[in-house]
Amino acid sequence: QVQLVESGGGLVQAGGSLRLSCAVSGRTFSIYAMAWFRQAPGKEREFVAGIKWVGGSTLYADAVKGRFAIYRDNAENTLYLQMNSLKPDDAAVYYCAAANGALRPYSNYASRVDKYDSWGQGTQVTVSS
């Protein structure tokens, strides 16, 4: 099992920045890829960004390309999401997730909620206009 704990959420003005962190523990050697998802009230959980744990290939949702960056520190077992130029539409609960199974091809499966085996409890991001 993999345990995930997010932190770093909060209230920010539109145009501002936040960095989310996800501490990873447990059977980290079993992780194939990790991702950030978000869920706003009344909406389905949606993919934000993903990264292969080994190799570091990344993938982004169109809505965040050029504004968000996902990266990981394997030595510290931590996943990050740097969010810049935040918009009110970015407000949501953000979740990190880990996939144990291979997602091949990565571009096809990285965004699917059902491909991830472990989830954190979420961290709230609020963006004021």
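Reply: We will take the salt bridges pair by pair. Keep in mind that the model is predicted.

Me: What is the general idea behind such a pair?

Reply: Side chains of opposite charge can pair when their charged atoms come close.

Me: How many salt bridges does a search of the whole structure find?

Reply: The search finds five.

Me: Which residue does aspartate 62 meet in a salt bridge?

Reply: Its partner is lysine 65, with 3.1 Å from N to O.

Me: Are aspartate 62 and lysine 65 buried or exposed?

Reply: Aspartate 62 is exposed, and lysine 65 is too.

Me: Which residue pairs with arginine 67?

Reply: Arginine 67 meets aspartate 90, side chain to side chain, at 2.7 Å from N to O. Arginine 67 sits in the loop between β6 (58-60) and β7 (68-73), and aspartate 90 in the loop between β8 (78-83) and β9 (92-99), so their bridge ties together parts 23 residues apart in sequence.

Me: Are arginine 67 and aspartate 90 buried or exposed?

Reply: Both arginine 67 and aspartate 90 are buried.

Me: Which residue forms a salt bridge with aspartate 114?

Reply: Arginine 112 does, and the closest N and O atoms are 2.9 Å apart.

Me: How do I read the exposure of aspartate 114 and arginine 112?

Reply: Look at the relative accessible area. Exposed means over 50%. Aspartate 114 has 55%, so aspartate 114 is exposed. Arginine 112 has 34%, so arginine 112 is partly exposed.

Me: Which residues do shared partners join into one network?

Reply: Salt bridges with shared partners link Arg38, Glu46, Arg67 and Asp90 into one network.

How values were computed
Residues are numbered from 1 along each chain as its sequence is written. This is a predicted model: local features need pLDDT of at least 70, side-chain atom pairs count only at pLDDT 80 or more; totals for chains, interfaces and linings use all residues. Side-chain values use heavy atoms; hydrogens and water are left out. A salt bridge is a side-chain nitrogen of Lys or Arg within 4 Å of a carboxyl oxygen of Asp or Glu. Buried means under 20% relative accessible area, exposed over 50%, partly exposed in between (1.4 Å probe, protein chains only). Helices (H or I, at least four residues) and strands (E, at least two) are DSSP runs, numbered from the N terminus.
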